[in-house]
Amino acid sequence: MKTYEDLAGDGGSNIISQVVSQREKLSARLAKIKHKVALMSGKGGVGKSSITANIAACLVDQGYSVGILDADLNGPCIGNLLGVGCEQKLVIDDDGIDPGEGALGIKIMSMDMLLLSPDAPVMWTDDAEATSTWVSTMESTALRELLADTNWGELDYLLIDMPPGSDRMDNIRDLIPELAGVVEITIPSQLSQYIVSKSITKNNRMGVPIIGLIENMATYVCPHCNQEGKLFEGQDAEKLSSQKGINYIGKIPFDTRISRKTDSGSLFYTENKDSVTGKAIASVVDAIIKFIEDKSN
Ligand SMILES: Nc1ncnc2c1ncn2[C@@H]1O[C@H](COP(=O)(O)OP(=O)(O)O)[C@@H](O)[C@H]1O
Ligand SMILES: [Mg+2]
């Protein structure tokens with residue numbers, strides 16, 4: 001059997017021009033989006049998706065147009081949080097796929113929208129022999145397609161809800177070289193900070209700008225007396241930010257209403273702007289906007 005080295009040129013596949021044209025398509029899409037921000041942590045379950053959705057709601061409240069790319073291909077949940085699922089028919093025209101329209105008009109693209117039924121898992125292959133390299137190549141391609149084939153239109157912000165793990169950043173960085181920055185999210189626990197610290201180190205090494213660190217579920221506000229108390233043991237996450245030389249952009253308290261789904265398709269932030277947690281989300285959003293404005297001045 002011949003190997004690639006034995007082939008003259010590209011073996012007739014025209015692969016170089018295919019790659020160039022895909023890159024051009026992606027750049028043209030991204031050029032219409034002013035700021036691209038990834039939200040990540042390395043750790044699962046710390047609130048990346050919930051915080052992404054509520055940051056989006058706050059940005060919309062301030063008059064910005066916002067989209068969210070659900071980059072968590074294996075555990076997509078942005079669609080569920082914003083009321084868009086596989087029941088929404090995909091509209092495909094010459095300019096690509098129309099994104100889903102979630103609560104508050106937030107544009108969404110997620111693997112969830114491509115599944116046949118709401119409880120269908122993402123299955124990359126039925127082949128039990130498939131290697132992890134092959135599956136990872138499939139995942140990379142899917143991410144590129146979700147980003148490049150979606151007709152995002154003009155947007156002020158595209159938020160990228162990252163999966164757990166630091167390795168996907170390589171992909172995103174490659175796809176979106178002009179990324180405005182990354183928001184790291186941790187909870188106060190020592191274990192979460194241990195993992196997030198690795199993610200920060202990796203982004204620093206890759207030269208990915210870090211907008212700052214959010215400490216989610218930092219405190220619990222008693223619904224009866226409004227007193228704030230600690231929810232987890234662990235060093236202050238502010239210390240982690242200063243050890244890593246990044247901005248600490250705020251604490252978001254634990255609030256049971258964040259996990260409550262609203263039938264109206266509204267989000268926690270919109271309905272609870274004046275709560276302690278609502279105000280904390282707004283303050284984090286101000287810090288993100290400030291970082292981006294300072295960078296572009
Ligand atoms: N500040 C918060 N207060 C209360 N519950 C929260 C908060 N942040 C996240 N949650 C809940 O924690 C769980 C994990 O959040 P999720 O956003 O799915 O995390 P991740 O995307 O990091 O895996 C969800 O049930 C979510 O509703
Ligand atoms: Mg998530």
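A residue counts as buried when its relative accessible area is under 20%. By that criterion, seven of the seven residues of strand 7 (residues 155–161) are buried, so this strand is largely enclosed by the rest of the structure. The model is predicted.

**Strand 7 and its partners**

- Strand 7 runs parallel to strand 1 (residues 33–40), and six bridges join the two.
- Within this pairing, Asp161 of strand 7 is the bridge partner of Leu39.
- Strand 7 also pairs with strand 2 (residues 66–70) in the parallel sense, over five bridges.
- Here Tyr157 in strand 7 stands opposite Val66.

**Polar contacts of ligand 1**

- Ser50 places a polar side-chain atom 2.6 Å from an oxygen atom of the ligand.
- In the side chain of Asn216, an N or O atom is 2.9 Å from a nitrogen atom of ligand 1.
- Val46 contributes a polar backbone atom, 3.1 Å from an oxygen atom of ligand 1.
- On its own, ligand 1 has 560 Å² of accessible area, of which the protein covers 77%.

**Shell around ligand 1**

- Two or more residues of the shell come from each of helix 2 (48–61), strand 9 (210–221) and strand 11 (248–254).
- With three residues, helix 2 gives the most.
- The shell has 14 residues, and those that come nearest to ligand 1 are Gly45, Lys48, Ser50, Asp255 and Ser259.
- Sorted by class, seven shell residues are polar, five are nonpolar and two are charged.

Terms used. Residues are numbered from 1 along each chain as its sequence is written. Chains are lettered from A and ligands numbered from 1 in the order in which they are written. This is a predicted model: local features need pLDDT of at least 70, side-chain atom pairs count only at pLDDT 80 or more; totals for chains, interfaces and linings use all residues. Side-chain values use heavy atoms; hydrogens and water are left out. A residue is near a molecule or strand if one of its heavy atoms lies within 4 Å of it. A polar contact is a pair of N or O atoms within 3.5 Å; within protein, one must be able to donate a hydrogen and the other to accept it, and residues adjacent in sequence count only if both atoms are side-chain atoms. Accessible areas come from the Shrake-Rupley method with a 1.4 Å probe; for residues, only the protein chains shown count as cover. Helices (H or I, at least four residues) and strands (E, at least two) are DSSP runs, numbered from the N terminus. Ala, Val, Leu, Ile, Met, Phe, Trp, Tyr, Cys and Pro count as nonpolar, Asp, Glu, Lys and Arg as charged, and the others, Gly among them, as polar. Buried means under 20% relative accessible area, exposed over 50%, partly exposed in between (1.4 Å probe, protein chains only). Two strands pair if DSSP finds at least two bridges between them.
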